[in-house]
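Please keep the sequence and the three-dimensional model side by side while reading. The paragraphs below go from one element to the next.

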Amino acid sequence: MIIDINGAPRHQSLQLLHHCWLEKQGIRAYPARKDISPVDLKTILTSVFIMDVLDNGTDFRSRLIGTEVTEGMNGNATGTLLSTWRQDEVRQQSFDIFTTLLESGKPVRTYRDKLPIVERDYLSTESLCCPLSSDGVNI
């Protein structure tokens with residue numbers, strides 16, 4: 001898996017997400033979740049994944065997982081703690097991505113040649129994780 005904090009997304013839907021995030025960010029470090037309406041992301045909502053940061057990044061809780069992501073994961077993990085996810089490689093890579101996002105404060109683009117998910121390892125994937133903040137300072 002490649003983790004990139006400086007690269008622009010290649011996939012059109014991720015470009016839309018990145019553009020929306022930049023537009024809502026304005027002069028602040030981060031936009032708030034309330035700034036981004038589902039209408040803004042209507043065409044990609046099934047692929048959106050929202051995580052809450054817990055205890056300064058020692059764990060994360062999945063708040064919303066779109067149906068396409070759920071299908072790719074072979075199950076719905078909405079509302080679960082990342083630390084409880086069963087597939088070790090998926091859990092560790094997700095921690096790496098979210099930790100990079102917290103440390104850099106920048107959107108994080110990832111690319112995988114194949115998913116580390118049983119029966120889905122033939123799929124390649126690109127993702128974009130964008131930090132949100134309710135107070136403009138803390139992610």
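Helices (H or I, at least four residues) and strands (E, at least two) are DSSP runs, numbered from the N terminus. The model is predicted, so that local features need pLDDT of at least 70 and side-chain atom pairs count only at pLDDT 80 or more, whereas totals for chains, interfaces and linings use all residues. Residues are numbered from 1 along each chain as its sequence is written, and side-chain values use heavy atoms, with hydrogens and water left out.

Thr-70 counts as buried because its relative accessibility is 16%, where buried means under 20% relative accessible area, exposed means over 50%, and partly exposed lies in between, with a 1.4 Å probe and protein chains only. When residues up to four places away in sequence are not counted, Thr-70 touches Ile-65, Gly-75 and Asn-76, a contact being heavy atoms within 4.5 Å.

Next come the strands. Two strands pair if DSSP finds at least two bridges between them, and strands of a sheet pair through backbone hydrogen bonds, either parallel or antiparallel. Strand 2 (residues 49-54) and strand 3 (residues 59-65) run antiparallel and are joined by six bridges. Within this pair, Val-53 stands opposite Phe-60, while Leu-54 faces Asp-59 of strand 3. The two strands form a hairpin with four residues between them, and there Asp-55 takes a positive phi near 45°.

A further set of strands forms an open sheet of three, in the order 1-4-5, with antiparallel pairing. Its edge strands are strand 1 and strand 5, each of which pairs on one side only. From one strand to the next the twist averages 15°, where axes are lines fitted to C-alpha atoms, for helices over the stretch in contact, and angles run from 0 to 180 degrees between N-to-C directions. Strand 1 and strand 4 run antiparallel and are joined by three bridges, and Ile-2 has Tyr-111 of strand 4 as its bridge partner. Helix 3 packs on this sheet, touching strand 1, strand 4 and strand 5, and its direction makes about 155° with that of strand 4.

Strand 4 (residues 108-112) also holds Arg-109. Is this arginine, Arg-109, buried or exposed? Arg-109 counts as buried, because its relative accessibility is 7%. Its side chain is joined to that of Glu-126 by a polar contact of 2.6 Å, a polar contact being a pair of N or O atoms within 3.5 Å; within protein, one must be able to donate a hydrogen and the other to accept it, and residues adjacent in sequence count only if both atoms are side-chain atoms. Leaving aside neighbours within four places in sequence, the residues in contact with Arg-109 include Ile-2, Ile-3, Asp-4, Ser-127 and Leu-128.

Helix 3 itself (residues 88-104) has 17 residues and reaches 24 Å from its first C-alpha to its last, close to the 24 Å expected at 1.5 Å a residue, the expected span being 1.5 Å times one less than the number of residues. Its buried residues include Val-90, Ser-94, Phe-95, Ile-97 and Leu-101, and the buried residues of helix 3 pack against strand 1 (2-4), strand 2, strand 3, strand 4 and strand 5 (125-129). Phe-98 is found in helix 3 as well, and Phe-98 is buried because its relative accessible area is 12%. Not counting residues up to four places away in sequence, Phe-98 touches Met-51, Phe-60, Leu-82 and Cys-129. Helix 3 is followed by Gly-105, whose phi is positive, near 70°.

The cysteines complete the tour. How many disulfides does a search of the whole structure find? The search finds zero, a disulfide being a pair of cysteine sulfur atoms within 2.5 Å. Cys-20 counts as buried at 5% relative accessibility, and Cys-129 counts as buried at 17%.
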